[in-house]
Amino acid sequence: MRIPAHAVCTAIRDDIVSGVFEPGARLTEEVLARRYGVSRVPVREALRTLESEGFVTTRRHAGACVAEPTEQEAADLLEVRMLLEPLAAARAARRRTEAHLKVLRGLVRLGQERARRGQGEDLRSLGGWFHETLAQASGSPGLIALLTQMRHKVAWMYVVEAPARPVESWAEHGAIVDAVARGDAERARALTAVHADRAAGAHRLRLRPTVSTSQPAVNMSSGRH
């Protein structure tokens, strides 16, 4: 069965974000095709997509390599995301569905409960689901795609520490949902801006040396991608 290029793209991106392929590492079509158990055609397409997203660069005489973002590029990325998330919240206040609200309220209940109990191990993933759902509720495909790409890149460039006051953080999530439910776009925007600014303080740049890309093969035929 032919593995589609978008699945190969997701697999390579995940390996870049998780650090399997370090910044500056070469990404040869032959090695990647063998790793994921595919032909070189979907690998070539995937690398073009990842280059357009900023995860890969093409160097003369070296071919495709994992990009090496500067500290300034990382800082700019975080700043842009902090501008886009309030915009998504404002649009969600105008366009959200009852299904979106149900999921958002459920996530807030879970997050608040686990924050009160000190169960911090699940809070990061719950927070990710919350912000992803809030973006989906904006009803703006282009904005959703940008925020999704930025989440991947932020996870690649930064280590995110647990919030110092998780109960307060989830209270902010709850207030954002209340504003979205009331259709109050400006309050949703303002609350999300404050929350994003506060959360940005928990981001710490990753510093990772370049390593070999020799990795065991990955079978894509039955994978999650």
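Predicted model: local features only at pLDDT ≥ 70, side-chain atom pairs only at ≥ 80, totals over all residues.

Reader: OK. How many helices and strands does the protein have?
Author: Nine helices and four strands.

Reader: In what order do the elements run from the N terminus?
Author: The order is α-α-α-β-β-α-α-α-α-β-α-α-β.

Reader: And the contacts? What share comes from residues 24 or more positions apart?
Author: Take the contacts with a separation of 6 or more. Residues 24 or more positions apart make up 77% of those.

Reader: Surface next. What is the accessible surface of the protein, and what share belongs to carbon and sulfur?
Author: About 12,000 Å². Carbon and sulfur atoms account for 52% of that.

Reader: Let's talk helix packing. At what angle do α4 and α9 pack?
Author: About 150°, with the axes 8 Å apart. Helix α4 covers residues 71-95, and α9 covers residues 185-200.

Reader: Is that roughly parallel or antiparallel?
Author: Roughly antiparallel. The cut-off for that is an angle over 145 degrees, so α4 and α9 qualify at about 150°.

Reader: Left-handed or right-handed crossing?
Author: The crossing of α4 and α9 is right-handed.

Reader: Which residues make the contact?
Author: From α4, they are L78, M82, E85, P86, L87, A89, A90, A93 and R94. From α9, they are A185, E186, A188, R189, T192, A193, A196, D197 and A200.

Reader: How do they divide into nonpolar, polar and charged?
Author: The contact of α4 with α9 has twelve nonpolar residues, one polar and five charged.

Reader: Staying on α4, what about E71? Buried or exposed?
Author: E71 lies in helix α4. It counts as exposed, because its relative accessibility is 57% and the cut-off for exposed is over 50%.

Reader: How far is E71 from L205?
Author: In sequence, 134 residues. In space, E71 and L205 are 7.8 Å apart, C-alpha to C-alpha.

Reader: New topic: T133. Where is it?
Author: T133 sits in helix α6, which spans residues 123-136.

Reader: Why does T133 count as buried?
Author: Because its relative accessibility is 14%, and buried means under 20%.

Reader: Which residues is T133 in contact with, leaving aside neighbours within four places in sequence?
Author: H100, V103, L104 and L107.

Notes. Residues numbered from 1 in each chain as written. Heavy atoms only, no water. Helix = DSSP H or I, 4+ residues; strand = E, 2+ residues; numbered from the N terminus. Contact = heavy atoms within 4.5 Å. Areas by Shrake-Rupley, 256 points an atom, 1.4 Å probe, with all protein chains shown as cover. Buried < 20%, exposed > 50% of the residue type's maximum accessible area, 1.4 Å probe, protein only. Axes fitted to C-alpha atoms, helices over the stretch in contact; angles between N-to-C directions. Parallel < 35°, antiparallel > 145°, perpendicular 65-115°, else oblique. Left-handed = near helix turned anticlockwise from the far one by under 90°. Nonpolar A, V, L, I, M, F, W, Y, C, P; charged D, E, K, R; others polar.
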